[in-house]
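I opened the model today and kept notes as I went. The entries are in the order I looked things up.

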Amino acid sequence: MARASTPIFGAAQAALARSRRFRATDLALAAAVPAAIFGMVRLAQQWTGALRPSVEIDLALRALPGYAALSLSRGLAAYALSLGFTLVYGYWAARDRVAERVLIPALDILQSIPVLSFMPGLVLGLVGLFPRSNAGLELASVLMIFTGQAWNMTFSFYHALRSIPRDLTEVATLNRFGWWQRFTRVELPFSAIGLVWNSMMSMAGGWFFLMVSEAFVLGEQDFRLPGLGSYMSVAVARGDGRAMAAAVATMTLMIVALDQLLWRPVVVWAQKFRVEESGQTEAMASWFLDVLRRSRILPWLGARARALGEAPGDWLRRRALAAEARPARPRGRAAGRVSAALFAALVVLLLLGALGLLRLLRPVTAAAWLSIATAALFTLTRVLVATALGTAWAVPAGLAIGLSPRLSRVLQPVVQVAASFPAPMLFPAVVAALAAAGVGLGTGSVVLMLLGTQWYILFNVVAGATAIPADLREAALLYRLPRWQRFRALYLPAVFPYLVTGWVTAAGGAWNASIVSEYVAFRGSVLTAHGLGARISVAAAAGDFSTLAAASTVMALVVVLFNRLVWRRLHRLAEERYSLAR
């Protein structure tokens with residue numbers, strides 16, 4: 001029976017209830033601090049421990065939580081590295097038109113170079129740099145996960161900076177914002193929504209090569225790190241169904257926990273950066289963010305952090321005002337010199353890399369080049385078909401999720417889990433199903449590519465749909481536009497800039513995925529499809545570094561050429577015609 005209460009007792013009970021909630025939340029946060037310190041100490045012990053090139057992986061269930069924690073720490077470290085790279089590289093490319101001409105094509109090349117192309121040199125080099133500890137192997141693993149995370153975040157940030165509305169930049173100019181104030185109060189908030197959704201996709205992309213990142217086999221050398229990826233690879237190699245199922249369940253739990261404790265609160269928090277002048281929309285919610293908001297510790301820490309940040313902010317503002325008061329002189333001279341120095345260093349680095357590559361390519365014959373070019377055409381066809389298939393279902397699904405907070409609340413964890421699950425774990429089952437249906441690997445590799453790349457398109461469409469101003473959606477409803485007309489006149493133009501970013505990153509991911517989609521170990525034998533990915537995998541397995549370099553070079557050239565002829569024009573079209581910010 002419900003307890004009746006007078007207004008006075010009701011208020012007192014409410015105050016006590018709030019007090020209990022505050023105490024419980026703050027106690028939990030306080031307990032999390034020593035737990036985090038303990039985890040960091042154990043992680044440091046793992047990194048600085050004696051070098052163990054080959055680790056015996058324990059397939060017992062009790063070992064799974066520790067392995068999952070180690071894999072998660074590597075994924076988060078790689079994400080922190082990717083975020084820093086994104087903010088620096090994307091900002092530089094968007095603000096320096098000269099450097100942009102080199103940085104964006106270089107980004108195209110970097111995202112298209114398969115992991116297998118640089119993994120041997122990276123692992124051997126870092127192990128040689130840290131011969132007495134595991135730091136080299138750990139760094140190699142983190143950097144390989146980084147290569148699966150950084151590119152789509154950087155592209156998203158770069159295009160967001162290029163799409164900032166003129167009225168926002170004019171307000172920043174009228175208020176005499178310095179570059180730091182402009183960055184923190186205009187540019188970073190405007191790009192927040194796209195960056196958050198691409199961050200989730202980046203974590204998923206990092207898990208795609210988890211098994212490769214934790215278990216490197218170079219010829220007769222077996223470098224293996226304890227982690228969930230190594231556990232999976234050993235379970236698959238031994239055909240241990242129980243261990244495989246346990247690894248799948250652990251991976252699923254880890255992804256769900258990461259979604260509920262990290263990404264969902266960040267998505268809800270980022271909604272305050274929506275660009276709209278009016279209109280109402282259904283608020284998104286996160287139970288964990290609600291719990292954090294009841295805390296007394298976090299507001300106190302936030303106030304201390306703001307107090308610490310006010311001094312540098314005031315100092316930067318005073319410098320900006322003093323600069324305005326001084327006699328006119330060429331602006332941005334110091335920034336220009338720094339940019340020019342960085343640009344020169346980048347060009348020198350690229351030239352040194354190009355010279356090394358030319359020496360490696362000398363033994364490749366003309367017939368080998370022709371064979372590699374033919375294989376590239378087959379892989380290009382598969383990449384385009386996989387991108388088209390992904391677009392066909394991801395656009396309507398992404399619009400439905402992005403336009404409906406209710407659907408987003410229900411489906412986001414499901415999509416996050418599906419996108420984050422390492423697709424190579426599913427390859428044996430998919431290949432078996434394709435073989436049963438009479439489909440060879442030549443066609444079936446398109447399906448395998450699709451498993452890992454379709455999510456780039458979906459996540460970008462969801463981000464674009466989430467950013468559509470509610471007043472425009474309400475106007476479309478008030479005018480009773482039919483669903484198809486709303487899609488054609490509002491939804492598709494609004495998400496088009498995000499969709500182009502999704503196409504670029506999905507195509508880049510498909511090229512990368514071709515090395516495991518066109519070369520699959522199945523039932524004790526190796527299946528190959530005629531294509532560039534298979535050539536790279538075969539060359540890596542045989543230690544044929546000249547062919548490996550030639551195939552990787554052709555892949556990079558095809559990707560850059562396609563980006564210049566197709567994706568770049570679509571980006572320009574998106575900025576000039578379909579950007580809601582203009």
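The notes below go from the overall make-up to a few local spots.

**Entry 1: overall make-up.** I am working from a predicted model. The protein has 582 residues, and 46% of them are buried. I then looked at contacts with a separation of 6 or more, and 80% of these join residues 24 or more positions apart. For the accessible surface I noted about 29,000 Å². Carbon and sulfur atoms hold 67% of that surface.

**Entry 2: a nonpolar patch.** I asked which residues make the nonpolar surface patch of about 350 Å². They are Ile297, Leu298, Trp300 and Leu301. I followed up on Leu301, which sits in helix H14, residues 297–325. Leu301 has a relative accessibility of 41%, so I put it down as partly exposed. The reasoning is that partly exposed covers the range between the buried limit, under 20%, and the exposed limit, over 50%.

**Entry 3: cavities.** The largest cavity holds about 60 Å³ of space. Which helices each supply at least two residues of its lining? I wrote down helix H16 (366–403), helix H21 (483–517) and helix H23 (545–577). The lining of the largest cavity includes Leu380, Val383 and Leu384. Also among the lining residues are Val504, Ala507, Gly508 and Trp511. Val559, Phe562, Asn563 and Trp567 line the largest cavity as well, and Gln111 is another lining residue.

**Entry 4: helix H22.** I listed the buried residues of helix H22, residues 532–542. They are Leu532, Gly533, Ala534, Ile536, Ser537 and Ala539. I then checked what comes after H22 and found Gly543, with a positive phi near 70°.

**Entry 5: Ser286.** I located Ser286 in the loop between helix H12 (241–270) and helix H13 (287–293). Is Ser286 buried or exposed? Its relative accessible area is 3%, so Ser286 counts as buried; the limit for buried is under 20%. I looked for its contacts, leaving out residues up to four places away in sequence, and found that Ser286 touches Arg264, Pro265 and Val268. I also took the distance between the C-alpha atoms of Ser286 and Val267, which is 8.8 Å. Ser286 and Val267 are 19 residues apart along the chain.

Technical notes:
Residues are numbered from 1 along each chain as its sequence is written. This is a predicted model: local features need pLDDT of at least 70, side-chain atom pairs count only at pLDDT 80 or more; totals for chains, interfaces and linings use all residues. Side-chain values use heavy atoms; hydrogens and water are left out. Buried means under 20% relative accessible area, exposed over 50%, partly exposed in between (1.4 Å probe, protein chains only). Contact means heavy atoms within 4.5 Å. Accessible areas come from the Shrake-Rupley method with a 1.4 Å probe; for residues, only the protein chains shown count as cover. Patches are made of residues with over 30% relative accessible area and no salt bridge: like charges are joined within 9 Å, nonpolar side chains (Val, Leu, Ile, Met, Phe, Trp, Tyr) within 5 Å. A salt bridge is a side-chain nitrogen of Lys or Arg within 4 Å of a carboxyl oxygen of Asp or Glu. Helices (H or I, at least four residues) and strands (E, at least two) are DSSP runs, numbered from the N terminus. On a 1 Å grid over the protein atoms alone, a cavity is a set of points where a 1.4 Å probe fits but cannot get out, and a pocket is an open set with protein on both sides within 12 Å along at least five of seven lines; lining residues have an atom within 4 Å of a point. Grid points are joined across faces, edges and corners, and a volume is the space filled by probe spheres set on the points.
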